[in-house]
Amino acid sequence: VKCQHYPPVRALQASAALRRASDEHKKEPLTSSSQQHFDSPPASHQPEQEPQGPHPSYTGQGGQESEDYESEEQLQHRILTAALEFVPEHGWTAEAIAEGAKTLGLSVAAAGMFHSDGSELILHFVSECNTKLSKLLEKEQKLVQLGEAEKKPIDEFLRDAVEARLRMLIPYIEKWPQALSVLLLPRNIPSSLNLLTSMIDDIWHYAGDQSTDFNWYTRRAVLTGIYNTTELVMMQDSSPGFEDTWRFLGNRVADAMTMSNTASQVQSTGEAVVQGLMGAAVTVSNAETSRAVR
Amino acid sequence: VYQVFENVAKKYDVMNDSMTLGIHRVWKDILIHKMNPCPGTLLLDVAGGTGDIAFRFINYVRSVRQRQLQRKLKHHQNLSWQEIFESYQKDQFNSLGDSQVVVCDINKEMLKVGKQKAQHLGYSEGLSWVLGNAEELPFDDDKFDVYTIAFGIRNVTRIDLALQEAYRVLKPGGRFLCLEFSHVSNPLLSRLYDLYSFQVIPVLGEVIAGDWRSYQYLVESIRQFPPQEELKAMIEDAGFFRVDYENLNFGIVAIHSGFKL
């Protein structure tokens, strides 16, 4: 009976609060909802999505499920994390997500919240790996700052960082090619590209890169190239402990270092040549003037 | 409402086909695809009288199960023939993977037609037929994975009660899916649709089923049904999250979906 009196379009906060409250509390948010409706007409045009961040928790009432104390996003996060365990068996699919939901005590139908191609699961995994890498690099940096470890030369640092990141793929390596193809779907490209660039940024940041000139772009591009090619090599590597991949990685990093040396050499040679030409021109003009004088 | 469907039961499927020019099959297929059920899902199909949704669900789950079994077999490359044979036997008897459908309807005649159809089409396992009222379901709390109601919710007098019952019988994480006629926002299409509904459908009702009034009632009840946004709000009121709708055919039909979280 109550719902027929609600205005068809309602502010988000009201609907969320109503959902959370038990029956007795329903009357309170109703008055605040009508206030919000008049105060902020634009709010009515917001897409109907749950507000981010935790819901207010009502102690005592509505304690049937722990979801009262977390937001939808957090719940989705938990489901995806639980689903990772089933990926080696089911692949990056809705089935793995369904199994993950089951372990949390939810119905398998909860997998319907996500895309059936498993995109969200893969993006979640990549983002988790990147976070782990950041934490690892930060820890290493702290050790260096405290003087407990040596600062690594740049090629070794890059090589270790990329290797650490790629090692996180090892448990899922069989199904990873499938994941890569899903990440390349047009729908997913903005997110996957974003994750990739921020990871590369992170690595250079911890490597001590503070350039603000064109070098910033070249360094990012070079490292992205190294990471992507090594990842592809890893997909096809069947050597024990992926030694072929790490050797490939070492070679690419060494190439990059040589290339940058060559580049600076070329630059200084260029400068030298230009100076030589200038000197020659000055000498010739002097000789001309002195001959003219005579 | 009961009497309308008593008259209509036997000719229900034929009328559906002629009224919607067979598109209702596509709508129901889309509903099941959206559900994307995996084996082991327990489905409650309310107002599902003649079993259309139930049969489609079983077909879908069967094919998913087949693929699962094939994948498992591929992994059994290193086992001996004896072991492969044994595991194949075990799985073969579980072709639905423990999935089940309970078809619930308020009308005995509709259920009878449904049971006959099931027998005729060869569906034997995983189906149950229960007489019940959507506003007061004869089931325990937290039982089902998915609750569907296809073209049934507009016939429920207290929609909010039906939604609350749906919330009650679903497991945490369970999904509510509703397929129903809805409002067409495009004005040109809306005029054509109205014309078709009011002129053609009752005539078809008279010709095919000999019952003009029931189909007049049908068309009017569609017009009186709340539009997409309003139904979405009602579903949210019942406690569902991530409530969302998808218009099919420009709003002639809409699928609403919500989760019990």
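This is a predicted model: local features need pLDDT of at least 70, side-chain atom pairs count only at pLDDT 80 or more; totals for chains, interfaces and linings use all residues.

Author: Residues are numbered from 1 along each chain as its sequence is written, chains are lettered from A and ligands numbered from 1 in the order in which they are written, and side-chain values use heavy atoms, with hydrogens and water left out.

Strand β1 of chain B covers residues 42–46; strands here are DSSP runs of E with at least two residues, and helices are runs of H or I with at least four, both numbered from the N terminus. Five of the five residues of β1(B) are buried, so the strand is largely enclosed by the rest of the structure. Buried means under 20% relative accessible area, with a 1.4 Å probe and protein chains only. B:Leu42, B:Leu44 and B:Val46 point one way from β1(B), whereas B:Leu43 and B:Asp45 point the other way.

Two strands pair if DSSP finds at least two bridges between them. With β2(B), residues 100–105, β1(B) pairs in the parallel sense over five bridges. Strand β4(B), residues 144–150, also runs parallel to β1(B), and four bridges join them. Within β4(B), B:Thr148 is the bridge partner of B:Asp45.

Chain A, by contrast, has eleven helices and zero strands. Of its 294 residues, 38% count as buried.

Note on methods:
Buried means under 20% relative accessible area, exposed over 50%, partly exposed in between (1.4 Å probe, protein chains only).
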